[in-house]
Amino acid sequence: MFRKVKSLEQLFRDMQGLGGQVSVAYKDLCLFPDVQLLAGFKMPKFDLYDGHGNPVAHLRGFYSKMRGAGRKDELLMAYFSESLSGSALEWYTRQDHGRWYAWDDLAQAFACHFQYNLEIILDRLSLTKIDKKHNENFRKYDFRWREQAARVDPPMKESELVDYFLQALEPAYYGHLVSTIGKFFNEVVKMGGMVEEGLKLNKIMSYSAIKATTQVIQSGTGGVIGKKKKEGVATIDSGAWFGPKGSPHHYNQL
């Protein structure tokens with residue numbers, strides 16, 4: 001009797017879930033509890049889809065890596081979540097999996113839900129607004145930028161890629177790479193990596209440092225420069241100035 005009561009209490013908790021909303025029972029968390037991997041099948045490492053990018057391309061990549069599953073629908077459906085992350089994984093866990101009778105049902109639902117990624121058509125101007133992230137190295141930024149550039153229709157020529165890529169760069173890079181106009185895109189990327197290293201090693205002055213130095217010079221308040229400027233003004237007020245070799249020359253004040 002005691003065990004029966006405990007079992008009923010556990011069943012009630014499972015039905016209620018966390019806060020009366022989510023069940024943490026095994027049968028609810030494991031979407032395909034009866035699916036078993038084939039003998040000798042090694043789970044591949046998937047490229048994770050987070051809800052951004054081409055969903056059809058992701059499905060194609062998933063198919064390719066699951067060839068060892070013997071084209072069994074239940075295996076494809078059970079392990080598709082292993083290739084998802086972020087909002088895509090959240091979408092998957094919220095679905096009523098009872099509506100998916102075959103792999104094609106799941107694939108169709110997935111492609112339809114994330115189809116909006118294909119409907120967002122980039123134009124050339126939008127490429128200039130893709131900024132380099134703070135902790136992103138130049139190579140990764142280049143790869144991310146080119147991924148988006150590849151979606152522009154009609155396709156861009158090599159010279160256009162260089163022009164619009166340079167416009168997207170922050171001043172620290174643009175100032176050093178503007179001379180690469182007319183070169184191949186890969187050459188621009190290679191030089192961008194060199195500029196990045198130069199900035200890290202302080203061999204190249206950043207735009208913000210140049211701007212700050214320029215402001216100090218223009219205001220005349222920067223240490224020795226400011227003192228020299230003030231000394232020059234005092235000398236002129238006294239009615240004398242020094243020529244190239246240091247000999248004093250006098251003039252008559254008006």
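**Close-up 1. Helix 10 meets helix 12.** In this predicted model, the axes of helix 10 and helix 12 come within 9 Å and cross at roughly 30°. Angles under 35 degrees count as roughly parallel, so that's what we call helix 10 and helix 12. On the helix 10 side, look for E158, L161, V162, F165 and L166; helix 12 brings F185, N186 and V188. Sorted by class, that makes 6 nonpolar, 1 polar and 1 charged residues.

**Close-up 2. The largest nonpolar core.** This core has 23 residues, and W145, F165 and L169 make the most contacts inside it. Helix 9 (138-149), helix 10 (158-168), helix 11 (171-177) and helix 12 (185-200) each give two or more residues to the core. A second, separate core has 22 residues, including F46, L59, L76 and L84. Now zoom in on F165: skipping its neighbours within four places in sequence, F165 touches F138, Y141, D142, W145, F185 and V188.

**Close-up 3. F80 and W103, edge-to-face.** The ring centres of F80 and W103 sit 5.4 Å apart, with 75° between the planes. F80 is in the loop between helix 4 and helix 5, while W103 is in helix 6, so the pair ties together parts 23 residues apart in sequence. Both F80 and W103 are buried.

**Close-up 4. W91 and F114, another aromatic pair.** Here the ring centres are 5.8 Å apart and the planes are at 75°, so W91 and F114 are edge-to-face too. W91 belongs to helix 5, and F114 to the loop between helix 6 and helix 7. W91 is buried at 4% relative accessible area, and F114 is buried at 1%. One aromatic cluster includes F80, W91, W103 and F114.

Terms used: Residues are numbered from 1 along each chain as its sequence is written. This is a predicted model: local features need pLDDT of at least 70, side-chain atom pairs count only at pLDDT 80 or more; totals for chains, interfaces and linings use all residues. Side-chain values use heavy atoms; hydrogens and water are left out. A nonpolar core is a set of buried Ala, Val, Leu, Ile, Met, Phe, Trp, Tyr and Cys residues joined through side-chain atoms within 4.5 Å. Buried means under 20% relative accessible area, exposed over 50%, partly exposed in between (1.4 Å probe, protein chains only). Helices (H or I, at least four residues) and strands (E, at least two) are DSSP runs, numbered from the N terminus. Contact means heavy atoms within 4.5 Å. Axes are lines fitted to C-alpha atoms, for helices over the stretch in contact, and angles run from 0 to 180 degrees between N-to-C directions. Angles under 35 degrees count as roughly parallel, over 145 as roughly antiparallel, 65 to 115 as roughly perpendicular and the rest as oblique. Ala, Val, Leu, Ile, Met, Phe, Trp, Tyr, Cys and Pro count as nonpolar, Asp, Glu, Lys and Arg as charged, and the others, Gly among them, as polar. Rings of Phe, Tyr and Trp (its six-membered ring) pair if their centres lie within 6.5 Å; planes under 30 degrees apart count as stacked, over 60 as edge-to-face and the rest as tilted.
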